[in-house]
Amino acid sequence: MNYIRHLNAFFSFIGSDKRLSASHISLYMALFQYWNFNRFQNPFPIYRDNIMKLSKIGSKNTYHKCIKELHEAKYIYYHPPVSKFQPGRVSLARFDVQEEPASRYK
């Protein structure tokens with residue numbers, strides 16, 4: 001996982017994506033931080049209260065709207081919890097994977 005390449009690609013994508021607001025970006029960055037804590041393993045567990053606190057989102061409605069829209073836009077893959085006592089699970093799309101230029105030498 002190339003941390004810098006991933007973030008550069010993400011910011012390149014959001015620059016031209018008119019669907020996303022500051023709340024979406026803040027939520028994505030909080031999820032990215034948790035992904036990093038989980039050593040970039042997909043999927044990883046999340047608890048709504050922790051993610052809301054880290055992303056500075058104060059409304060559950062805003063949180064659910066943003067996580068749904070990030071999922072629909074394919075920035076993340078969200079798997080809601082089965083019960084309110086279990087964590088949700090999130091997978092982040094990899095943006096650091098880039099095709100290497102073909103070499104002239106074999």
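**View 1. Lys74 sits in the loop between H4 and E2.** The model is predicted: local features need pLDDT of at least 70, side-chain atom pairs count only at pLDDT 80 or more, and totals for chains, interfaces and linings use all residues. Residues are numbered from 1 along each chain as its sequence is written, and side-chain values use heavy atoms, with hydrogens and water left out. Helices (H or I, at least four residues) and strands (E, at least two) are DSSP runs, numbered from the N terminus. Lys74 is not a glycine, yet its phi is positive, near 70°. Its relative accessible area is 53%, so Lys74 is exposed. Exposed means over 50% relative accessible area, buried under 20%, and partly exposed in between (1.4 Å probe, protein chains only).

**View 2. Lys56 lies in the loop between helix H3 (48–55) and H4.** Here too the residue is not a glycine: phi of Lys56 is positive, at about 65°. Lys56 counts as exposed because its relative accessibility is 73%.

**View 3. The peptide bond from Asn42 to Pro43 is cis.** Its omega is near -15°. Pro43 belongs to the loop between helix H2 (22–37) and E1.

**View 4. Three strands form an open sheet in the order E1-E3-E2.** The pairing is antiparallel. Two strands pair if DSSP finds at least two bridges between them. Strand E1 (44–46) and strand E2 (76–79) are the edge strands, each pairing on one side only. On average, neighbouring strands of this sheet are turned by 35° against each other, direction ignored. Axes are lines fitted to C-alpha atoms, for helices over the stretch in contact; angles run from 0 to 180 degrees between N-to-C directions. E2 pairs with strand E3 (residues 88–92) over four bridges, in the antiparallel sense. Tyr77 has Ser91 of E3 as its bridge partner.

**View 5. Helix H4 (residues 60–72) lies across E1 and E2.** H4 runs at about 125° to E2.

**View 6. H3 and H4 pack with their axes 11 Å apart.** The angle between them is about 95°. That makes H3 roughly perpendicular to H4, a term for angles of 65 to 115 degrees; under 35 is roughly parallel, over 145 roughly antiparallel, and the rest oblique. H3 contributes Arg48, Ile51 and Met52 to the contact, and H4 contributes Lys60, Tyr63 and His64. Contact means heavy atoms within 4.5 Å. The contact residues divide into three nonpolar, one polar and two charged. Ala, Val, Leu, Ile, Met, Phe, Trp, Tyr, Cys and Pro count as nonpolar, Asp, Glu, Lys and Arg as charged, and the others, Gly among them, as polar.
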